[in-house]
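Hello,

Here is the structure I promised to pass on to you.

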Amino acid sequence: MSDKVITRFAPSPTGYLHIGGARTALFNWLYAKAKGGKMLLRIEDTDQARSTEGAILSILDGLRWLELEWDGEPVYQLTRAERHREVAEQLLAQGNAYRCYATAEELQAMRERAREEGRAPGYDGTWRERDATEAPADAAPAIRFKAPREGEIVIEDRVQGRVVFANKDLDDLVLLRSDGTPTYMLSVVVDDHDMAITHIIRGDDHLTNAARQTQIYKAIGWETPIFAHVPLIHGPDGAKLSKRHGALGVEAYRAMGYLPDALRNYLVRLGWSHGDAEIMSTDEMVEWFDLDAVGRSAARFDFAKLENLNGHYLRATPEAEIVARLKELLPHLPDGDELASRIDDDGWRKLELAMPGLKERAKTLVELLDNAAYIFAKRPLIIDPQAAKLLDDAGRETLAALLPRLEQVTLWSAETLEASIRTLADETGLKLGKVAQPLRAALTGKTTSPGIFDVLTVLGREEALGRLRDQVSQTDSA
């Protein structure tokens, strides 16, 4: 085995890059980086019926968005089928595999018999020692692995510890189907060997596969990689992670407005820890990550914790970078194209100007964008029902008294605007909030927003005064 650590992420392109797969990729990437090694990418596309080009592109895009770049070019398993068949023939020639002529009906009968006898369903070895001359005429055989019947397979797993499997409980698995196509179990072993993989880090649902694959490694005479089987992610209720818990594609988290840095930070803490550290940079993750600190129990996914963590990252991200992220996000939103058409260069400039107040109040980019909607709104504003209550007769009278004062403000800044508004409040005996509430409703159409003086500054003199005049004119017409 190579002295250099080489890990691999090997997704099946039958759907999106789900959140569990993303964590597996992250653990492989971190371990390789921590040890000065490489992480390779293998697309396990041998299931022709279910693999799609769209899923492959989605997986590659998801990894890039998470900033988990792999080393070298992706390996496509399907292109290596001839090499897989070559190894199956090698096992056959060594006496470690045999031709099996069992029909689909016979295999079904074996499964039913095992169920009736309370055994795990498996192949009963019918053709293990039989002569090929007994085969039905013109029957195309599958090639099965001749698994050892005695002894045991021991996996010294870096996460699970010592795991022992009795060989008698592992049946003779198919290496090549009767149509000559290789099976997953054979392809994985051959590819991991040929790619010089030193560490296989994956979900613990593959633990039994590790035993079967180790049998194949031993039969061929290849060195077995080091295994590390990570517990799966569960929902907050402890049940297997489902869509209602957050078992969504990485692109869904992107569209919900999460930052890749925050999602990486959240995922690394699902099943791994470094003391009490909750928030950590990527450099710190690389410095600290090791398999010994991966826990054996299932981690629980919690949207509330992810949101809070994302809010922290939003507040720590420079304004210009958030604007760039928002521009990248728009194509992934249902109404993104329409929104993009409404935001001109001046709109993006205003958005960056408003960012200090916006990012303090938001936990996701989508929430931030929603809170910023007032910046791009066209006159006359649509006022939501709660805000409309603030624009009653008394509210509009306050605005009518305020408007001429603001029209006299020549230096349009938060400081001069605040001074003018406070002067009106003092003269009328109103609390500042009583002035700010109808003002906020008139300027944003909502009851909540960043600080009102910031709102006035961001909108600019002409737009802010125009919105106020729209509301005051309704008082005049009444």
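Let me start with a pair of strands: S2 and strand S3 (residues 75–76) run parallel and are joined by two bridges, where pairing means that DSSP finds at least two bridges between two strands. Arg 42 sits opposite Val 75 in S3. Between S2 and S3 the chain passes through helix H2 (residues 53–65), in a right-handed β-α-β crossover; right-handed here means that, with the strands pointing away from the viewer, the path from the first strand over the helix to the second runs clockwise. Helices (H or I, at least four residues) and strands (E, at least two) are DSSP runs, numbered from the N terminus.

Two words on the basis: this is a predicted model, in which local features need pLDDT of at least 70 and side-chain atom pairs count only at pLDDT 80 or more, while totals for chains, interfaces and linings use all residues. Residues are numbered from 1 along each chain as its sequence is written, and side-chain values use heavy atoms, with hydrogens and water left out.

S2 also pairs with S1, again in the parallel sense, over four bridges, and Arg 8 stands opposite Leu 40 in S2. Together, S1, H1 and S2 form a right-handed β-α-β unit. Strand S2 (residues 38–43) is largely enclosed by the rest of the structure, because five of its six residues are buried (under 20% relative accessible area, with a 1.4 Å probe and protein chains only).

Now the largest pocket, which has a volume of about 790 Å³. A pocket is an open set of points on a 1 Å grid over the protein atoms alone, with protein on both sides within 12 Å along at least five of seven lines, and lining residues have an atom within 4 Å of a point. The volume is the space filled by probe spheres set on the points, which are joined across faces, edges and corners. Of the 31 lining residues, His 18, Gly 20, Gly 21, Asp 205 and His 206 are the closest to the centre. H1 contributes the most to this lining, with six residues.

Finally, have a look at helix H19 (residues 432–444). The buried residues of H19 include Val 435, Leu 439 and Leu 443. Just past H19, Gly 445 adopts a positive phi of about 80 degrees.

Best wishes

Conventions
On a 1 Å grid over the protein atoms alone, a cavity is a set of points where a 1.4 Å probe fits but cannot get out, and a pocket is an open set with protein on both sides within 12 Å along at least five of seven lines; lining residues have an atom within 4 Å of a point. Buried means under 20% relative accessible area, exposed over 50%, partly exposed in between (1.4 Å probe, protein chains only).
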